[in-house]
Amino acid sequence: MKYDTILVLDFGGQYCHLIGRRVRENGVYSEIVPHDIKIEEIKALDEKINLKGIILSGGPASVFDENAPKPNTYIFDLGVPVLGLCYGHQLIAQIFGGTVKPAKRREYGYAHVTIDKPIGVLKNLGRKERVWMSHSDTVFSLPSEFEVLARTQSCPVAAFKHKTKPIYGLQWHPEVVHTVNGMRMIRNFIFEVCGCTANWKMEDVIERMVEEVRMEVDAGKAIIALSGGIDSSVATAVAAKAVGDRLTAVFVDHGFMRENEPEFVENTFRKFKLNLIIVKAQERFLERLKGVADPEKKRKIIGEEFIHVFEEVAERAGAEYLIQGTIYPDRIESGFRKFSDKIKTHHNVAGLPTKMKFKKIVEPLRDLYKDEVRKAAQMLGLPKEIVFRQPFPGPGLAVRIIGEVTKEKVEIVRKADKIVREEIDKTGFKDKLWQYFAVLTDTKATGVKGDARAYGYVVAVRVVESREAMTASFARIPYKILEKISTRITNEIPEVVRVVYDVTHKPPATIEWE
């Protein structure tokens with residue numbers, strides 16, 4: 001069966017794969033392809049899929065840059081609808097002879113657009129819509145064969161369409177949750193404009209992942225990096241189906257885990273039919289991080305040390321392949337494509353050393369978002385405690401300590417994190433939240449304890465709501481709960497004198513501080 005498919009042309013935007021994710025949420029298959037995909041490649045793809053439409057993603061470049069990424073213009077002659085978003089919107093206007101200039105006033109964040117013609121992608125939308133903007137260039141005019149559909153005070157052409165062809169452009173990002181009716185806009189495109197049928201299922205994704213691991217490893221042996229988190233657990237379940245007893249699961253206790261986490265992981269996975277190896281490496285990692293304050297260096301050092309541990313285990317086990325639970329947000333933020341900006345290095349992506357002893361690293365979840373991974377976990381029959389476990393970075397508490405990592409700081413942030421989790425878990429907010437944790441800042445402040453002056457650390461509390469970690473909103477936690485968290489942290493941790501609450505969305509911030 002050939003699935004109705006929307007191709008997303010990747011221009012390096014942080015939200016590129018979020019576009020594809022939104023399409024999939026509607027039961028329509030999406031595939032991310034290079035922005036300059038050749039006609040021969042599209043024809044080859046068409047043997048496996050039923051191409052119904054193309055979306056041009058946003059990107060960090062300006063259409064005026066000397067080496068700005070451009071699509072091959074044959075895509076407009078394929079007879080399928082095309083939708084440009086943000087940078088893609090500007091590209092379409094420029095390619096067809098419209099006027100694009102640097103904006104007089106840049107728009108970042110929420111904006112209100114006036115919809116003059118609610119047709120096509122904008123069908124059934126109101127006169128005013130709240131959307132999410134992130135652009136410095138603006139389309140100011142269009143050639144005669146196009147018409148303007150929407151505008152803002154500073155953006156005269158915020159949305160457009162070709163008068164006779166199904167070609168659309170939106171200056172905003174409908175794929176992010178901040179655009180109130182963004183999903184309706186995407187549904188309008190894939191169903192109303194492209195005429196897709198929702199015939200794609202998660203079961204197919206799991207089968208594809210198992211088959212891919214089976215083909216990659218072939219008759220060889222593999223080890224898998226198991227942290228106990230949802231990503232590595234699903235990757236382990238998939239790999240076990242594909243490789244069987246030729247798989248060794250390796251849990252590395254680097255000393256930066258949350259309270260009682262190593263015990264939880266070991267007790268949980270000892271119940272599975274797995275060859276599980278626990279490596280105690282606390283001192284080894286701490287020594288490597290001595291004197292290092294830069295977050296990128298921290299992540300790279302941790303990534304390198306993980307690989308060295310895995311190589312040692314693999315040599316003893318005779319394994320040539322390393323399987324990891326890397327997911328899309330990790331790869332996007334690490335700037336894995338030519339035109340994408342690197343936000344931060346993930347220890348299991350760009351943090352890896354350039355030379356490794358493994359024949360290949362296999363990443364079966366690399367195209368999935370966190371909520372898709374959770375669905376896969378449920379379908380694979382993983383325990384509830386794993387399926388709904390809060391996301392936790394691979395480098396652990398090391399990237400929740402701003403500045404140099406020391407044994408004292410690890411203990412402080414571990415205690416603070418435990419308090420945050422305990423207090424949030426008592427409330428009815430737990431199931432609505434994506435992540436909640438403590439960060440030990442590199443700032444010290446004056447306080448008063450026991451009628452005497454105290455000088456100690458500042459702890460930041462971070463609580464966010466999200467669907468897939470590509471965007472997030474800070475949670476509006478009641479002051480009573482925040483007060484309890486603050487009081488406990490300052491009372492139970494003598495080294496801390498001040499607690500602050502992070503009220504920053506993603507973007508502009510990331511969820512983690514480092």
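## Ground rules

The model is predicted, so local features need pLDDT of at least 70 and side-chain atom pairs count only at pLDDT 80 or more, while totals for chains, interfaces and linings use all residues. Residues are numbered from 1 along each chain as its sequence is written, and side-chain values use heavy atoms, with hydrogens and water left out.

## The sheet

Helices (H or I, at least four residues) and strands (E, at least two) are DSSP runs, numbered from the N terminus. Two strands pair if DSSP finds at least two bridges between them.

Here, 5 strands make an open sheet. Their order is S12-S11-S10-S13-S14, and the pairing is parallel. Strands S12 (275–280) and S14 (360–362) stand at the edges. Each has a single partner strand, so one side of each lacks a neighbour in the sheet. From one strand to the next, the twist averages 25 degrees. (Axes are lines fitted to C-alpha atoms, for helices over the stretch in contact; angles run from 0 to 180 degrees between N-to-C directions.)

Look at strands S10 (residues 222–225) and S11 (residues 247–253): they pair in the parallel sense over 4 bridges. Ala 225 has Val 250 in S11 as its bridge partner. Helix H6 (residues 230–243) packs on the sheet and touches S10, S11 and strand S13 (321–323). Contact means heavy atoms within 4.5 Å. The direction of H6 makes about 165 degrees with that of S10.

## Salt bridges

Side chains of opposite charge can pair when their charged atoms come close. A salt bridge is a side-chain nitrogen of Lys or Arg within 4 Å of a carboxyl oxygen of Asp or Glu. The whole structure holds 38 salt bridges.

Burial is judged by relative accessible area: buried is under 20%, exposed is over 50%, and partly exposed lies in between (1.4 Å probe, protein chains only). Arg 258 and Glu 261 form a salt bridge at 3.0 Å, N to O. Arg 258 is buried at 5%, and Glu 261 is buried at 5%.

## Pairs within helices

In helix H5 (residues 202–217), Arg 208 and Glu 212 are 4 residues apart, so about one helical turn separates them. Their salt bridge has its closest N and O atoms 3.7 Å apart. Arg 208 is partly exposed at 35%, whereas Glu 212 is buried at 14%.

In helix H13 (residues 407–425), Glu 411 and Arg 414 are 3 residues apart, again about one helical turn. Their salt bridge spans 2.6 Å, N to O. Glu 411 is partly exposed at 34%, but Arg 414 is buried at 14%. Shared partners also join Lys 418, Glu 422, Glu 423, Lys 426, Lys 484, Arg 488 and Glu 492 into one salt-bridge network.
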